[in-house]
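Visitor: I would like to go through this model and ask what the terms rest on.
Guide: Go ahead.

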Amino acid sequence: MVPGTDECLVFYFPLGYNVEKLKERTMSENVLYNSTRGGVTGLTASRAILTGLAPDGGLFVPDHFPKFDKTIDDFRSMDYRELAYHVMKLFFTDFTEEELRACINAAYSDNFDEEEIVPLAETGRMTFLELYHGPTIAFKDMALQILPHLMTTAAKKNGVENDIVILTATSGDTGKAALAGFADVPGTGIIVFYPQGGVSYFQERQMVTQRGDNTHVVAIDGNFDDAQTGVKKLFGDKELAESLNEKGIQFSSANSINIGRLVPQIVYYVWGYTRMLNGEEIKPGETVDVCVPTGNFGNILAAFYAKQLGLPIGKLICASNTNKVLFDFFGSGEYDKNREFTLTISPSMDILVSSNLERLIYYISGNDATKTAEFMKELQTSGKYTITPEMKERLSDFRAGYATEADTLKAIHDIYEGYDYLIDTHTAVAAHVAGEYLKNNDGRRVLVASTASPYKFARSVVHAVKGDEVPLTVSKTSPEEEWKLIEEVNSLSGRDIPQAVMDVKDAPTRHSTTCAVADMKDTVISLLS
Ligand SMILES: *Cc1c(COP(=O)(O)O)cnc(C)c1O
């Protein structure tokens with residue numbers, strides 16, 4: 001054993017838990033799931049995954065944090081799948097080893113374009129964790145490639161015989177990642193609605209070329225809100241649910257609050273830390289800080305969970321773009337969504353209500369579901385709430401920063417000039433914030449979550465490096481022009497064009513259904529019959 005590696009056995013007690021009671025627990029003990037708002041308690045992992053959002057509107061949280069039953073040193077020699085098993089089994093305690101390994105093997109294999117699944121890249125004191133080598137070249141694949149398998153396994157375990165059909169409204173990215181995850185998974189289907197003319201050329205092509213007989217993509221004659229409202233209505237339609245049930249079908253959602261999306265995201269922080277050790281970037285036991293480009297607060301919350309398990313993470317740095325609700329929250333203790341919403345070059349972070357933050361609110365309130373429910377009610381009625389001073393004190397592991405559009409472009413430019421390494425706009429928000437933070441963090445290395453391939457945001461990335469010769473915005477684009485940008489990223493980065501990009505270029509259009517907002521229900525019925 002390498003000196004210092006027993007550090008991983010240190011149990012970081014989650015805030016507010018009864019320490020003595022936790023000590024009595026054994027490794028094999030079940031982790032059960034409770035709603036953050038108190039309405040549901042004691043669900044098994046598989047039921048929590050199937051349920052998604054708790055009926056009281058809350059999010060499922062584990063009733064206690066498990067701890068690693070292996071040392072960090074043991075993890076160093078494991079490949080991604082093996083490591084994933086040893087992390088996820090701690091949370092999904094009602095899955096058998098065989099079930100969980102089957103899910104993992106189906107999710108993380110040659111659908112990723114790097115054998116390691118998540119490679120790392122080092123620049124100065126930052127290490128980038130490349131989470132974008134899956135089929136849609138963005139980090140949501142890390143969770144959405146495994147969620148369908150967790151769901152179908154969970155359905156079997158709970159005697160659910162119906163096929164599960166995922167309904168989603170998308171403004172671009174999540175829809176494609178969900179389609180790619182559920183495509184051809186037996187026992188599932190997926191219908192994605194997107195606003196016609198409301199997604200980028202690349203995003204639309206990605207969706208309408210999706211393979212898989214169980215996938216359906218529908219362009220609606222309305223905006224994203226219309227699509228979202230329409231989908232919510234379908235979820236609440238009892239008559240529709242009954243008639244589908246007779247046909248052996250039930251709806252579910254692949255929302256980012258599902259515990260089945262959160263847990264798989266813990267794995268790559270353990271992976272990143274152990275690969276940094278293997279690459280001798282850090283010494284055993286050394287603490288690293290983590291910086292995450294944040295939208296819905298899912299990815300950074302997974303890093304927080306990794307820290308609770310015993311991973312030597314120092315600070316958790318939350319990076320926002322100009323929609324900096326979270327930055328303001330960490331500074332003042334007031335969460336206030338009443339502000340102007342701006343569209344940025346890091347669109348997947350353009351969010352004013354970060355739904356996964358509710359889980360953190362629950363922890364810092366001392367696992368007080370009543371209090372959490374009150375804050376969430378305030379958020380719903382007045383659009384804001386303020387946490388107590390005691391709660392704010394418990395945020396001491398967190399740091400926050402934000403990047404303006406100019407900061408974001410400069411970060412791409414500077415890292416490219418300095419290290420010949422190309423990052424996308426989302427990663428650049430985190431790189432800017434991490435760069436500022438590194439100026440006085442006592443020399444620790446920062447692990448930066450790299451959430452999208454530069455190929456996915458080619459225009460912004462090429463503009464950042466080459467300047468106005470490639471304008472940041474254009475009123476109209478063409479497939480030829482988009483392709484030129486892709487070739488530009490290829491020559492700048494020196495990395496092969498990913499399959500996901502080639503597919504957009506060459507694959508035939510497979511989905512051409514369109515419908516009026518009012519006809520969404522009829523469209524679903526006809527697609528499912
Ligand atoms: C979704 C997304 C994010 C934000 O992640 P959260 O878990 O919602 O905080 C950041 N970058 C990219 C590229 C994304 O797709």
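Visitor: How do you know how the lining of the second largest pocket divides by class?
Guide: The lining has 16 nonpolar, 12 polar and 10 charged residues. Ala, Val, Leu, Ile, Met, Phe, Trp, Tyr, Cys and Pro count as nonpolar, Asp, Glu, Lys and Arg as charged, and the others, Gly among them, as polar. This is a predicted model, where local features need pLDDT of at least 70 and side-chain atom pairs 80 or more, while totals for chains, interfaces and linings use all residues. Residues are numbered from 1 along each chain, and side-chain values use heavy atoms, without hydrogens and water.

Visitor: What makes a residue part of the lining of a pocket?
Guide: It has an atom within 4 Å of a point of the pocket, an open set on a 1 Å grid over the protein atoms alone, with protein on both sides within 12 Å along at least five of seven lines. Here 38 residues line the second largest pocket, and Asn 111, Gly 134, Pro 135, Gln 499 and Ala 500 are the closest to its centre. Helix H22 (499-506) gives the largest share, four residues.

Visitor: What makes S7 and S15 a pair?
Guide: Two strands pair if DSSP finds at least two bridges between them. Four bridges join S7 (residues 215-221) to S15, so the two strands pair. Ile 220 has Cys 515 in S15 as its bridge partner.

Key. 1 Å grid on protein atoms, 1.4 Å probe; cavity = no way out; pocket = protein on both sides within 12 Å on 5 of 7 lines; lining within 4 Å.
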